[in-house]
Amino acid sequence: MNLSQGSPQVSFSNDGGKVGVQARDYNVYGDQILQVTRDQDPLALLPEASNAVFNASGKEDEPLCLSGTRVGVLDEIRAWIDGEDKQHIFWLSGWAGTGKSTIARTVAREYYDRKRLVASYFFSRGGGDAGNATRFVGTIARQLANKSPKFKEQLRKALSEDEGILRRVLKDQWRELITTPLVHLAVDSYPSPVVIVVDALDECDTESSIRQVIQLLADTKNPNQQLLRVLITSRPEVPVRDEFSRFLPDEHHLILQDISKFIVEQDISLFFKYRLATISPEDEVVAQLVRKAAGLFIWAATACRFICEGSSPEKRLRIILGSSGSTPTSNYYINGTYDSLFQNIIRSLIWNTSYLLFWTAVACGFSREGVMVKRSLRTLVMGNTTPEDHLDVIYLTVLDSSLRSSFTPQDIRDFHSMVRDVLGSIVVLFSSLSVKSLSNLLSKPEKDLTWTMNDLHALLDIPKDAKHAVRQHHPSFRDFLLNKKRCCDSYFWVDEKQAHQALFDSCLWLLSTSLKQDICEVNAPGMLAAELESGRVEQFLPPEVQYACLYWIQHVQKSGAQLRDNDQVHQFLQEHLLHWLEALGWMGKVPEGVHAIASLESFVSSSECPLLSSFIHDAKRFVLYNRLAIEQAPLQTYSGLIFAPMTSIIRERFKNCIPKWVRRLPRVEEKWNAALQTLEGHSDSVNDVAFSPDGKLL
């Protein structure tokens with residue numbers, strides 16, 4: 001019987017009430033086991049975060065160390081890689097903005113060109129897959145395979161023997177896909193030491209994942225005497241320090257802020273002279289900039305972008321130096337009179353800072369002026385005593401300068417609102433989006449977003465092509481915007497929970513207006529996801545819709561919202577759950593959907609919203625039972641209803657979506673049984689099983 005014109009022939013049998021469906025080379029049987037009969041290279045199964053590789057497409061403009069700078073650090077790293085040191089891990093730590101990633105990128109580039117870089121993984125919060133460790137093992141394994149035919153052979157063998165390994169914990173994946181293949185290589189496989197570079201480990205999304213990655217890398221210690229080096233960079237955060245102390249107490253550790261101040265300032269001076277060559281600043285000007293940088297290369301880089309990318313570099317240089325009589329924040333500015341006023345007030349009222357700030361703001365007469373007064377008083381009273389304070393000042397300076405002197409008070413209010421919305425979205429996104437996609441997600445005109453970001457190039461990497469993603473130049477900008485104490489200007493401070501709530505609302509609206517059954521219009525229930533052209537997926541599921549599919553649940557969790565029965569989440573799931581699962585299938589992201597549903601279930605209180613809780617629990621059972629079918633043939637999402645238990649909430653809610661070509665429904669159980677999911681892919685018998693720590697799962 002033809003399903004529709006152009007669809008493949010589908011045959012059915014009702015042996016014992018079970019339904020068998022066969023379409024092309026794809027089979028779904030009554031127990032919902034799906035089998036693809038065509039051959040597939042096991043390496044194609046490896047999950048990969050392609051944007052985590054140091055030289056991934058789109059990273060062409062990311063900087064390397066300027067010639068003549070960071071000489072001592074680079075020489076120490078080279079000596080460790082090329083020498084015979086038994087310590088196989090080098091930890092390079094430092095505060096935000098001290099140049100860790102630039103050093104890591106420089107080392108990666110140098111050893112890549114020398115054909116001795118075997119893998120890299122640059123973590124990036126807000127960088128999608130690069131922001132977590134889920135695909136860490138697969139990404140490293142794929143790169144190692146590309147560098148060594150013998151490793152590739154061992155890896156292919158491991159995957160062929162047990163495809164289910166990709167669904168196991170990272171520790172088991174690492175042992176089977178990295179350590180074991182390395183052990184089987186000949187001793188002389190690498191005649192010279194080779195290196196893996198892992199950058200910004202602190203940018204990994206959870207402390208648990210950070211700990212796991214360090215433990216994995218500790219296990220690479222010279223398997224079969226291989227000369228393998230691992231360079232790790234991170235901020236000196238507690239989880240990182242603790243794990244290094246526990247697993248790698250004797251490894252190399254270089255702390256960037258411990259390097260001689262004289263050497264660091266020399267490097268920053270060279271950087272300023274190179275980047276500001278077009279305006280040829282005097283030596284004293286460079287010296288002032290170096291002092292203001294306070295040892296932070298990100299301060300220097302931000303200042304140079306701000307100065308050079310404006311229409312009047314000299315004027316912007318004066319703003320940075322603080323010698324300008326005005327700051328283009330509004331029609332008003334703080335002049336020498338206010339400076340004198342500050343000094344007198346401080347002498348008399350230093351004992352009561354909050355009283356002082358309030359009345360000084362009132363004396364200025366304008367709320368915007370009050371903010372500027374508060375900032376100036378903070379500098380005078382407390383002093384910029386830390387490098388972080390210097391970074392805060394330059395970020396505020398750039399933001400202030402984005403306001404134009406011609407703005408009316410209403411223009412300023414509108415601009416502030418738009419900047420908060422746009423920057424708030426950019427810094428809390430879980431994966432970067434282009435201006436065009438961000439416009440569609442936020443339902444704001446693209447030209448308004450472009451206008452808003454026009455003077456923020458010093459803070460944001462804004463590609464000329466609107467289809468390429470907008471990114472922060474440095475993660476410290478996100479830290480600054482989300483910290484009310486650091487971003488003391490309420491006009492720019494971003495409330496993180498509100499930003500996530502706004503993105504959650506946008507995601508749900510976009511999905512509700514975009515998702516539908518057979519969204520890619522393939523009109524063939526047996527169509528395999530692997531056979532659908534990627535261009536067709538992009539056509540019907542553009543980047544902003546894919547983003548919403550992947551991250552709407554994370555945004556609602558981060559917003560701190562209290563979910564209720566029949567609220568917007570409940571209503572969305574009741575209308576679009578199957579559409580969402582189908583979309584994830586075409587995107588190749590069903591595992592992420594499974595994790596998201598399980599995460600949502602743990603977030604929902606069964607006592608406060610029993611209906612929503614029951615719906616989500618049933619949805620989890622449904623997707624686990626049908627996971628393999630949805631992954632390989634997404635339109636089988638709807639056929640899965642046939643095999644759901646009679647009392648399944650999902651079956652009852654979406655019974656109208658059961659394919660019309662099924663003439664007789666199979667006999668099914670009354671309720672879900674104890675089996676959550678059938679794990680497939682292994683080619684041999686199972687010899688061992690184990691209980692989960694809580695004793696609830698086998």
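## Confidence across the model

Going by mean pLDDT (the predictor's confidence in each residue, from 0 to 100), helix α2 (residues 100–113) comes out highest of the chain's elements at 98, while strand β1 (residues 21–23) sits lowest at 37. Helices (H or I, at least four residues) and strands (E, at least two) are DSSP runs, numbered from the N terminus. This is a predicted model, where local features need pLDDT of at least 70, side-chain atom pairs count only at pLDDT 80 or more, and totals for chains, interfaces and linings use all residues. Residues are numbered from 1 along each chain as its sequence is written, and side-chain values use heavy atoms, with hydrogens and water left out.

The chain averages a pLDDT of 83, with 81% of its residues at 70 or more. Residues 1–38 stay under 50, and the model gives them 95 contacts (heavy atoms within 4.5 Å) beyond four places in sequence.

## The open sheet

Five strands line up as β5-β6-β7-β4-β8 in an open sheet with parallel pairing; two strands pair if DSSP finds at least two bridges between them. The edges belong to β5 (117–122) and β8 (252–255), each with a single partner strand, so one side of each has no neighbour in the sheet.

Strand β4 (residues 89–93) runs parallel to β7 (residues 228–234), joined by five bridges. Here I89 stands opposite V230 in β7.

## Helix α16

Helix α16 (residues 409–428) has 20 residues and spans 28 Å from first C-alpha to last, close to the 28 Å expected at 1.5 Å a residue (1.5 Å times one less than its number of residues). Its buried residues (under 20% relative accessible area, 1.4 Å probe, protein chains only) include I412, F415, M418 and V422.

Note on methods. Buried < 20%, exposed > 50% of the residue type's maximum accessible area, 1.4 Å probe, protein only.
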